[in-house]
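Visitor: Could you walk me through this one? I'd like to start with a helix and then move on to some side chains.

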Amino acid sequence: MSGTQWTVGSSGAGLRLDKFLAAAERMGSRARASAAIQRGKVFVNGEEASARTAATPLAAGDIVRLWIDRPGTAKPRPDGWRFADRGEARDLHIVFEDDALVVLDKPAGLLAVPLERRGDAGSAYDELARYLRIRRQRRPLVVHRIDRDTSGLVVFAKRADAQRTLKEQFKRRKAERVYRAIVYGHPTPSAGTWRDHLVWDDTALVQKEAHPRDPRAKEAVSEYRVIEVFDAASLIEVRLVTGKRNQIRLQARLRGHTLVGEQRYVYGPDALRPIAFPRQALHAYRLAFTHPLTGKSLEFEVPLPDDLTALVARLRGSRPR
């Protein structure tokens with residue numbers, strides 16, 4: 001590995017990685033440092049850094065390396081997904097793995113499963129298949145999916161019998177799926193149930209509200225609670241009872257609580273949505289189900305990713321004093 005290398009001294013100990021790199025004698029700006037990290041050009045003690053680790057304080061003696069001309073790093077990659085060297089798999093952020101299944105913490109900006117209309121777009125499925133292929137294992141099997149710009153937990157099966165059992169749990173509403181979202185306004189009451197009838201528009205590729213008597217309509221049910229209230233927005237938790245495509249995004253909008261960053265399910269002028277955020281503020285926070293082979297209860301939770309954590313901090317700072 002070529003490039004420029006620094007050893008962190010006492011003056012750099014405790015600094016964030018991006019701030020350390022932003023010093024005038026290194027990269028000269030936080031923007032350049034962040035871009036280099038996002039493109040997989042920065043390593044700490046031989047391990048590739050990512051946007052998720054950029055805020056981790058450095059320790060005296062750490063070795064920071066900048067590989068500015070690293071092949072294949074011209075474009076940024078989704079947060080948390082690392083460049084593949086010499087055929088190695090990217091860091092998949094595997095939360096759990098055994099002989100039957102794999103649970104991933106998917107970053108926003110990456111499809112969960114390939115789409116025919118986006119054949120050139122990468123996906124968590126493709127990366128997991130690569131990871132398994134290197135280990136001489138079969139391709140993963142799809143159980144469910146989450147939206148490209150939604151972060152968080154998704155499970156894949158490694159065996160056909162495990163896939164069948166897991167899909168049946170999701171179909172029968174036995175699997176627990178809990179999301180965290182930041183929405184405009186303050187939902188009232190602070191906890192409750194959303195019930196709607198929805199129909200998927202195959203032409204527009206959006207979910208739409210439908211009349212209960214529409215033969216195509218399917219019931220959509222979510223249970224929500226408000227976790228924290230900000231000046232013009234709220235952090236909420238939503239548990240899916242049903243699991244329709246884009247369900248939370250549309251149900252929130254139907255009640256006047258559009259997700260911050262939402263681009264598809266919106267209404268009215270942009271001035272109604274003044275909070276800048278590059279994606280829908282939605283995170284698959286909790287996933288629980290029964291192991292398809294052992295019958296053991298499995299429960300997983302992953303914290304908000306850095307971008308949503310930063311958004312929450314920004315909204316807290318904007319509260320009137």
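Guide: Let me begin with a term: buried means under 20% relative accessible area, exposed means over 50%, and partly exposed lies in between, using a 1.4 Å probe and protein chains only. This is a predicted model, in which local features need pLDDT of at least 70 and side-chain atom pairs count only at pLDDT 80 or more, while totals for chains, interfaces and linings use all residues. Residues are numbered from 1 along each chain as its sequence is written, and side-chain values use heavy atoms, with hydrogens and water left out.

Visitor: Fine. Which residues of helix α2 are buried?

Guide: In α2, which spans residues 30-38, the buried ones are Ala33, Ala36 and Ile37. They cover an arc of only 100° around the axis, and so they sit on the same side of α2; the arc is that of the directions from the helix axis to the C-beta atoms. Helices (H or I, at least four residues) and strands (E, at least two) are DSSP runs, numbered from the N terminus.

Visitor: Why would residues three or four places apart point the same way?

Guide: Because an α-helix has 3.6 residues a turn.

Visitor: And what is on the other side of α2?

Guide: Ala31 and Arg32 are exposed there, whereas the buried residues of α2 pack against α1 (17-21), β2 (42-44) and β4 (63-66), where contact means heavy atoms within 4.5 Å.

Visitor: Changing topic, where is Ser222, and is it buried or exposed?

Guide: Ser222 is in strand β12, residues 218-229, and is buried, with a relative accessible area of 0%.

Visitor: Which side chains does Ser222 make polar contacts with?

Guide: The side chain of Ser222 is joined to that of Gln247 by a polar contact of 2.7 Å, and to that of Gln251 by another at 2.6 Å. A polar contact is a pair of N or O atoms within 3.5 Å; within protein, one must be able to donate a hydrogen and the other to accept it, and residues adjacent in sequence count only if both atoms are side-chain atoms.

Visitor: Which residues of α5 are buried?

Guide: In α5, Gln247, Ile248, Arg249, Leu250, Gln251 and Ala252 are buried. That is six of the eight residues of the helix (247-254), so α5 is largely enclosed by the rest of the structure. The buried residues of α5 pack against several strands, including β12 and β14 (282-290).

Visitor: What about the loop between β14 and β15, and His291 in it?

Guide: His291 lies in that loop, with β15 covering 297-301, and is buried at a relative accessible area of 6%. The side chain of His291 makes a polar contact with the side chain of Asp98 at 2.6 Å, and also reaches the backbone nitrogen of Leu293 at 3.0 Å.

Visitor: How many salt bridges are there in the whole structure?

Guide: A search finds 21, a salt bridge being a side-chain nitrogen of Lys or Arg within 4 Å of a carboxyl oxygen of Asp or Glu. One of them joins Lys158 to Glu97, with the closest N and O atoms 3.0 Å apart. Lys158 lies in the loop between β8 (151-157) and α4 (160-171) and Glu97 in strand β5 (residues 94-97), so the pair ties together parts that are 61 residues apart in sequence.

Visitor: Are those two buried or exposed?

Guide: Lys158 is buried, with a relative accessible area of 15%, while Glu97 counts as partly exposed at 29% relative accessibility.
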